Amino acid sequence: MDSNTVTISELISGMLNEARRLGLSETTIWRGWGPPANSVATYYREKGLCKYSSDVTEEYLMLYEHRYESGEISYSTLREVRQIIKRINEYYITGTLRATENMRRSHCFVSPENEHLIDTFIAEHGYGKNTCNDAAWIVKHYLYHFEQLGHPSLATVTVDDVQQYILKISSELKLNSLYDVFLYLRHFHIYLKENGYTAPDCAELFSHKVQREKRIQGYVTDEELEKILSVIDTESERGKRDYAIILLAASTGLRACDIIRLKLTDIDWRRGEFTIIQDKTDKKVYLPILNDVGAALQDYVLHARPSISASELFLTSRGIRGPIVDATAIGDMFRNYEVKAGIIQHSFDGKGFHGLRRRLAKKLLVSGTPTMTIAQILGHAKVKSTEKYLSLDIENLRECALDFSVIPLEGGMFCE
């Protein structure tokens with residue numbers, strides 16, 4: 001294949017189609033090939049890359065081998081990634097595949113031309129790495145819908161066809177999902193128009209305001225935090241690290257992705273503060289080191305942190321020592337301590353590691369800290385992002401509620 005033009009998504013799409021041609025069932029492809037192949041594509045997107053490179057793929061494989069050596073993933077996960085990379089490289093070099101093997105999912109498959117269109121749209125739009133996967137999935141589902149109706153490209157799709165699509169998804173999706181669909185498809189159609197693609201002019205169709213559902217998020221309470229800290233073995237190397245991480249998150253509201261990127265040089269011990277450019281917003285923030293946090297950090301650095309040349313503050317505690325490469329490891333660590341502390345976490349209850357961030361926001365709100373200041377502390381790019389935390393201040397919200405005690409009632413009904 002031509003390495004100057006092929007994108008990672010085109011390559012994966014072609015490989016999956018070749019697997020179909022060789023007789024693999026859709027179930028085998030969906031369940032076996034999709035997840036590891038999509039994880040490779042996600043790595044490219046996170047690095048802001050579009051075109052396939054054997055060196056980048058090898059870099060991704062080495063990352064997984066390091067994660068296995070440090071005990072973060074199982075051997076079966078590593079083997080799965082090795083197998084799919086072998087298949088990708090085989091198809092890249094030969095344009096075909098040697099028959100079969102069971103591996104594992106993908107949702108919908110579009111033509112290589114549409115895969116290329118998705119890649120160029122994502123690459124040029126400049127989405128953040130956490131957003132580009134959502135946008136890519138929505139656009140792929142959109143193009144897949146029309147391919148199933150016999151439209152190999154949007155050139156033969158009409159405005160009426162798009163309106164029918166909107167009616168379809170409006171009856172199927174919740175408001176939050178519908179909001180994202182309208183947002184990214186509006187961006188997509190603007191991109192198509194600006195770059196001269198033949199497609200229906202539908203940006204205005206996707207400009208309709210969709211109000212997201214506002215759910216009151218929970219948070220980790222002071223009592224729960226105390227229980228979690230009390231079950232950590234602070235005499236062990238790992239315990240000292242985890243204790244410092246949790247205290248740091250509770251006092252600063254830092255996200256897990258920022259904590260694993262903290263470097264020793266980010267800390268100014270004399271001034272009692274540290275500096276970090278937040279991963280999600282690219283905003284530089286200066287945060288104080290409270291006394292108990294400083295003591296925990298010093299205990300970890302002086303008595304538990306492995307003596308290696310890595311610049312990151314927090315390192316793995318098993319296998320080959322090095323930086324923590326996956327923020328989900330922090331969430332898993334926190335969940336394990338919650339279980340030990342007898343705290344039962346449910347989906348979307350706000351009791352995960354991110355709940356420490358909401359806990360800090362709540363405490364700042366209750367203390368009367370201005371919203372602008374809270375936004376600066378949390379590193380929000382917009383004050384609007386901070387407003388969702390207002391729902392945590394239950395006591396002050398109660399004061400805003402209407403008092404119906406002075407309204408007389410008759411027969412259980414309000415008097416007119």
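The following exercises, each with a worked solution, concern a predicted model of a single chain.

**Exercise 1.** State how many helices and strands the chain has, and what share of its residues counts as buried.

*Solution.* Begin with the secondary structure, which comes to 17 helices and 5 strands. Next, turn to burial: of the 416 residues in the chain, 44% count as buried. Finally, consider the accessible surface, which amounts to about 22,700 Å². Carbon and sulfur atoms account for 51% of that surface.

**Exercise 2.** Determine the strand order of the open sheet formed by 3 strands, and identify its edge strands.

*Solution.* The order is β1-β2-β3, and the pairing is antiparallel. The strands at the edges are β1 (267-268) and β3 (284-288), since each of them pairs on one side only. In general, the strands of a sheet pair through backbone hydrogen bonds. Between β1 and β2 (residues 273-277), the antiparallel pairing extends over 2 bridges. Within this part of the sheet, Ile267 stands opposite Phe274, a residue of β2.

**Exercise 3.** Locate Lys340 in the secondary structure, and decide whether Lys340 is buried or exposed.

*Solution.* First, assign the element: Lys340 belongs to helix α13, which covers residues 328-340. Second, apply the cut-off: a residue counts as exposed when its relative accessible area is over 50%. Lys340 has a relative accessibility of 59% and therefore counts as exposed. Third, compare sequence with space: Lys340 and Ile228 are separated by 112 residues in sequence, while their C-alpha atoms are 7.7 Å apart.

Technical notes. Residues are numbered from 1 along each chain as its sequence is written. This is a predicted model: local features need pLDDT of at least 70, side-chain atom pairs count only at pLDDT 80 or more; totals for chains, interfaces and linings use all residues. Side-chain values use heavy atoms; hydrogens and water are left out. Helices (H or I, at least four residues) and strands (E, at least two) are DSSP runs, numbered from the N terminus. Buried means under 20% relative accessible area, exposed over 50%, partly exposed in between (1.4 Å probe, protein chains only). Accessible areas come from the Shrake-Rupley method with a 1.4 Å probe; for residues, only the protein chains shown count as cover. Two strands pair if DSSP finds at least two bridges between them.
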